[in-house]
Amino acid sequence: MSDTDKESRVKKWFKGRRSDQNTASELDTDKVAAPAPEQPTAPPAESEDTIEPAPDKTSFFTRLKSGLSRSSSKISDGVTGIFTKAKLDETSIEELEDLLITADLGVETVAKITAKLSAERFDKAITADEVKKFVADEVATILAPCTKPLTIETHHKPHVILIVGVNGSGKTTTIGKMAHLLSQQGHRVMLAAGDTFRAAAIEQLKIWGERVGAPVVASQPGADAAGLAFDALKRANQEAYDVLLIDTAGRLQNKRDLMNELEKVNRVLKKQDDTAPHSVLLVLDATTGQNAINQVSVFKQVADVTGLVMTKLDGTARGGILVALAAKFGLPIHAIGVGEGIDDFQAFDPQQFAQALVGISETPD
């Protein structure tokens, strides 16, 4: 991928002004968690970054379609099997409802889609391909209001982003990929290993830090997460970083402890900046299906979530759940990830996602 292509992809992701910000440099990979070297200053930008279409959209669409293969095969094959008659009738409508519900789109959402299809095409000739296109268009319409880029507000320096989610959802990897993209855009990024209950999470974030050229504030396993967040924000302020990404624990099985810990983190951050955290992103594992609804409900209550990131769209994903989440909660969907690679992470495109979900092969315009 050319440098021009990479820059275009980065602009697709994050929206914010760049002024006297630094680009990240690579660290010596033999050292773990060493502070990032002094970074060269990027030229100031005159206006907000524009959001541009990703130049490798077809390639990403192919990976997305592969990642959604579990859901898309179910929907595509099911629609083909149902719509063998010349006209749309009550039986085919009911079968389509059952199919879409089992694909995790949600009962209410499916009822609206099939009701509209029935109103427009009942007792009229319709093909399987026409049904797929209709469903894809309706899904894209549902998702469109939730499609928003993550805005980095430069009047908050640093812009504090709290990353929440259950253990194993991909929080740490998401932080690393976000740090990479933000650094490429010219922001100076610092990471905080706030999931102090898992030594593996701390070490993983340190590795990501050295990979993307971002310093990592970390402590020993078992340390106070709120105290670490406080120290990280203090250091980010002192060293004039633009963005602070804070990892958190995700012990959803103990809701009270989770709530208490996140409230404490928020409280100590506000001692230094009463507007922090400025973004709270919930990372969801796409393989969990309907469990994602419970996760959003809990974290929305305990952490005041401002946006979603969906990860692990890797072939076993139950991607229809993102449609149900959009309809139920209306939270901004900032990003999706289709693999472990640093480039397998892109801004959410509702039309692209909808077509991949129902198994339409053509790349969306």
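Select Val164 to begin: this residue is buried, with a relative accessible area of 0% (buried means under 20% relative accessible area, exposed over 50%, and partly exposed in between, with a 1.4 Å probe and protein chains only). The structure on display is a predicted model, in which local features need pLDDT of at least 70, side-chain atom pairs count only at pLDDT 80 or more, and totals for chains, interfaces and linings use all residues. Residues are numbered from 1 along each chain as its sequence is written, and side-chain values use heavy atoms, with hydrogens and water left out.

**The surroundings of Val164**

Colour residues 159-164 next; they form strand β3, in which Val164 lies. Helices (H or I, at least four residues) and strands (E, at least two) are DSSP runs, numbered from the N terminus. Setting aside residues up to four places away in sequence, Val164 touches several others, including Lys171, Thr248, Leu262, Val283 and Phe299. Contact here means heavy atoms within 4.5 Å.

**The sheet**

Display the open sheet of eight strands, whose order is β5-β4-β6-β3-β7-β8-β9-β10, with mixed pairing. β5 (216-217) and β10 (345-347) stand at the edges with a single partner strand each, so one side of each has no neighbour in the sheet. Two strands pair if DSSP finds at least two bridges between them. Zoom in on strand β4 (residues 189-192), which runs parallel to β5 and is joined to it by two bridges. Ala192 stands opposite Val217 in β5.

**Two packed helices**

Select helix α7 (residues 171-184) together with helix α8 (residues 199-212): they pack at an angle of about 15°, with their axes 9 Å apart. Axes are lines fitted to C-alpha atoms, for helices over the stretch in contact, and angles run from 0 to 180 degrees between N-to-C directions. The helices α7 and α8 are therefore roughly parallel (under 35 degrees; over 145 is roughly antiparallel, 65 to 115 roughly perpendicular and the rest oblique). Among the residues making the contact are Ile175 and His180 of α7, and Leu205 and Trp208 of α8.

**The last stop**

Finally, select Ser92 in helix α4 (residues 90-102). Is Ser92 buried or exposed? Ser92 is buried, with a relative accessible area of 5%. Leaving aside neighbours within four places in sequence, Ser92 is in contact with Ile82 and Phe83.
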